[in-house]
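Keep the viewer open and follow along.

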Amino acid sequence: MDIDNPSKPKDEVAEGKLLVVILVGAPGSGKSTFCEHVMRSSTRPWVRICQDTIGNGKAGNKTQCLSSAARALKDGKSVFIDRCNLDREQRSEFVKLGGPQIDVHAVVLDLPARLCISRSVKRTGHEGNLQGGKAAAVVNRMLQKKELPKISEGFNRIMFCQNENDVQSAISTYSTLGPLDNLPDGCFGQKNPDAKIQVGIMKFLKKVDVPVNVASRENSIRESVSPQIVEKKNSCCREEEEEACSSIPVNAGFESKEAKDLDGTPHDAPTLAFPSISTSDFQFNHEKAADIIVETVEEFTNKIGNARLVLVDLTHGSKILSLVRAKAAQKNIDSQKFFTHVGDITHLYSKGGLHCNVIANAANWRLKPGGGGVNAAIFSEAGVTHVIHVLGPNMNPQRANCLNNDYNEGCKILREAYTSLFDGFASIVWTGAEQSKGSSEDIGSKALELCQSNGCTRKHSSNSDQKIKRDGIHASERSKRCKGPQDDFGANSTNSRAGKLSPENRNIDGSMSKAWGSWAQALHRIAIHPERHEDDVLEISEDVVVLNDLYPKAQRHLLVLARTEGLDSLANVRKEHLQLLKKMHAVGLLWAEKFLRADGSLVFRLGYHSVPSMRQLHLHVISQDFDSKHSKNKKHWNSFNTGFFRDSVDVIDEVTNHGKATLKDDDRLLNMELRCHRCRSAHPNIPRLKSHITICQAPFPAVLLENGRLVHAPQ
Ligand code: AMP
């Protein structure tokens with residue numbers, strides 16, 4: 001069979017065409033099982049192209065599926081495209097694989113939404129890790145975009161299956177298809193007129209969940225809550241699913257088994273329960289504390305959708321509770337979003353019937369993550385995914401770091417503590433909804449640590465092994481990073497309270513730097529001791545170290561690190577660093593040229609992030625294909641494709657002319673709509689953008705063509 005010669009006249013084509021069978025169906029519709037059944041009994045050579053495993057057993061992208069399918073066809077094998085392919089756009093590139101000797105079929109597994117959801121929620125060990133609590137929301141979203149295939153898209157044959165019988169008959173049709181057999185063209189099977197999923201399916205989702213009982217509580221925590229953590233860890237899912245994830249409402253990560261309190265009040269809102277900070281052991285004035293609580297709560301409730309805050313105290317007669325209640329009522333704070341609760345914060349659900357996802361622990365200065373005590377007790381509660389430890393100001397002379405009645409400082413710290421707590425909660429809620437589309441560079445750290453000066457918070461998840469996302473947090477995390485070294489949490493609060501910061505945090509110009517989480521120090525460590533990282537680095541010289549970006553956002557993505565101690569970021573760069581900047585640029589250029597010799601189709605850009613996420617000045621040398629599984633969210637994209645990315649040539653000009661670089665440190669840049677870097681067309685989400693950029697051949701915008709901002713192969 002001559003598949004390289006599609007122009008061969010039809011009558012000369014041998015019998016037994018190759019097939020591209022595009023499976024169409026939601027997660028849980030049985031696509032992989034379908035392929036397995038056929039492949040087990042078929043005499044025709046088949047290859048199953050599965051996006052969940054295409055990247056060396058890990059999830060890959062559509063482009064990889066396409067090239068793998070093309071290779072299989074070239075080898076004379078028919079292929080199953082085992083991905084959801086729910087809309088026309090997702091299918092179109094695969095349909096193009098067809099030709100005179102290759103027929104393209106669709107097998108539509110249009111099974112009831114309930115069945116798909118129920119299967120996805122319950123399955124374990126799914127290749128793409130789409131299972132458990134989140135699967136329901138993802139499947140639901142995906143089904144809303146369902147567009148049944150039509151012959152006019154380029155299919156030779158479409159087979160619709162609406163139930164198990166239909167599926168079985170499709171399996172036997174393909175299983176019995178020998179290498180020389182062809183199937184008739186046309187549409188077969190009944191098309192479901194109700195192509196769109198019924199609205200309100202989310203109500204059903206609760207029914208498919210396994211009910212929680214005391215005996216299975218441990219499991220229930222893992223199953224109903226941990227999915228979002230496990231999903232963070234593995235950052236599921238294929239692009240199509242990511243697309244669906246990207247539109248999950250803010251509380252979707254908290255869609256859990258018990259979306260009602262024990263009193264039967266239904267809710268699906270993420271909930272933070274917190275005690276009053278510093279008023280008990282740290283003896284902070286109740287009246288002032290109540291003002292601060294109500295003010296910070298008010299700010300938060302105005303900002304965030306349907307999340308709930310609950311102030312908890314053990315006793316009915318609690319002064320702080322009644323003060324807060326009165327002040328909240330005066331301010332007309334929405335009682336659905338904020339209320340008080342009397343009970344034990346470690347047993348809110350089991351004893352109080354209050355369903356909470358995140359619990360704050362008012363800690364003392366010995367604050368330590370993990371472990372037993374309050375922490376363990378909280379985590380044994382159903383539904384709790386995170387504990388945030390909060391260290392407030394101390395007015396008790398019997399305790400460490402007493403503020404000696406300095407309420408100016410004390411109020412400031414307490415306000416910061418609550419703001420930081422609520423921001424931490426918001427970031428958890430946000431991550432719950434964002435995780436699949438969000439960045440997922442796992443950093444192997446066991447906790448996302450936040451601390452704010454003296455109002456110090458540390459949050460960690462119920463899964464102690466949880467790896468956290470370290471990238472894509474420019475804006476949100478920046479505001480939360482602690483201002484002191486984080487290794488010793490207690491010491492941090494003590495130091496910063498006394499206004500001391502370690503020399504570690506002193507910039508080259510003597511100013512204090514922001515503190516960097518331990519994960520953000522990796523490049524710094526490499527720059528200072530490259531000899532300890534010989535396996536990772538590509539080049540070491542006196543001034544710079546070159547290494548591959550660990551989470552490349554394009555086919556080629558290098559970092560050129562400055563080796564100067566204390567030169568954390570572009571903000572620290574001054575005229576005396578001009579030579580270094582030029583050196584970094586020259587080294588970057590040499591590497592780009594080297595890559596261009598191997599692949600002349602690449603185009604490079606060299607530049608800096610206005611506000612980096614990693615410590616130590618580093619130049620990105622990045623190819624403009626942005627073909628990367630690591631580029632997952634708006635912030636990833638926009639950090640390289642808006643003014644946030646400062647071209648090295650411009651930085652050098654600015655430092656030459658003005659003594660420093662212009663920083664475009666505006667969160668709005670990172671949150672801007674997604675636009676193609678070539679034609680500037682806007683796209684609703686990363687998967688769409690990615691599929692666009694694989695085909696966009698538009699010239700680069702004029703501004704990039706000037707001043708050597710783009711580096712091409714010599715013409
Ligand atoms: P920036 O936002 O400019 O700080 O970018 C930091 C870059 O460092 C990102 O592109 C990360 O993917 C990358 N990165 C993070 N950790 C490492 C590491 N350990 N080794 C190499 N690159 C890293």
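N707 is partly exposed, with a relative accessible area of 41%. It is a fitting place to start, as N707 has a positive phi of about 60° although it is not a glycine. Please keep in mind that this is a predicted model.

**Positive phi angles**

- N707 sits in the loop that runs between helix 22 (702-705) and strand 21 (710-711).
- Q616 is another non-glycine residue with a positive phi, in this case about 100°.
- The loop between strand 16 (604-609) and strand 17 holds Q616.
- Is Q616 buried or exposed? Its relative accessible area is 0%, so Q616 is buried.
- N332, which follows helix 11, also has a positive phi, near 55°.

**The ligand and its surroundings**

- Which residues come nearest to the ligand? Of the 19 residues around it, they are D549, H609, S613, H618 and H620.
- H620 places a polar side-chain atom 2.7 Å from an oxygen atom of the ligand.
- S613 takes part through its backbone, with a polar atom there 2.8 Å from an oxygen atom of the ligand.
- L550 also brings in its backbone: an N or O atom lies 3.1 Å from a nitrogen atom of the ligand.
- How much of the ligand does the protein bury? The ligand exposes 500 Å² when taken alone, and the protein buries 93% of that.
- Two or more residues of the shell come from each of these elements: helix 16 (522-528), strand 14 (544-548), strand 15 (557-562) and strand 17 (618-623).
- Sorted by class, the shell around the ligand contains 8 nonpolar, 7 polar and 4 charged residues.

**Helix 11**

- Helix 11 covers residues 319-330, which makes 12 residues.
- From first C-alpha to last, helix 11 reaches 17 Å, close to the 16 Å expected at 1.5 Å a residue.
- The buried residues in helix 11 are I320, L321, L323, V324, K327 and A328.

**K327, a buried lysine**

- K327 is a member of helix 11.
- K327 has a relative accessible area of 15%, and the limit for buried is under 20%, so K327 counts as buried.
- What joins the side chains of K327 and D291? A polar contact of 2.9 Å does.

- A26 belongs to the loop between strand 1 (18-24) and helix 1 (31-41).
- With a relative accessible area of 3%, A26 is buried.
- A26 and R83 are 57 residues apart in sequence, and their C-alpha atoms are 8.6 Å apart in space.
- R83 also has a side-chain partner: the side chain of N85 makes a polar contact of 2.8 Å with the side chain of R83.
- N85 lies in the loop between strand 3 (78-82) and helix 3.
- N85 counts as buried, at 0% relative accessibility.

**Two further pairs across the sequence**

- K96 is located in the loop between helix 3 (88-95) and strand 4 (102-109).
- K96 has a relative accessible area of 60% and is exposed.
- T419 is part of helix 13 (residues 407-434).
- At 25% relative accessibility, T419 is partly exposed.
- T419 and F300 are 119 residues apart in sequence and 8.1 Å apart in space, C-alpha to C-alpha.

Methods: Residues numbered from 1 in each chain as written. Predicted model: local features only at pLDDT ≥ 70, side-chain atom pairs only at ≥ 80, totals over all residues. Heavy atoms only, no water. Helix = DSSP H or I, 4+ residues; strand = E, 2+ residues; numbered from the N terminus. Expected span 1.5 Å × (residues − 1). Buried < 20%, exposed > 50% of the residue type's maximum accessible area, 1.4 Å probe, protein only. Near = heavy atom within 4 Å. Polar contact = N/O pair within 3.5 Å; in protein donor to acceptor, adjacent residues only side chain to side chain. Areas by Shrake-Rupley, 256 points an atom, 1.4 Å probe, with all protein chains shown as cover. Nonpolar A, V, L, I, M, F, W, Y, C, P; charged D, E, K, R; others polar.
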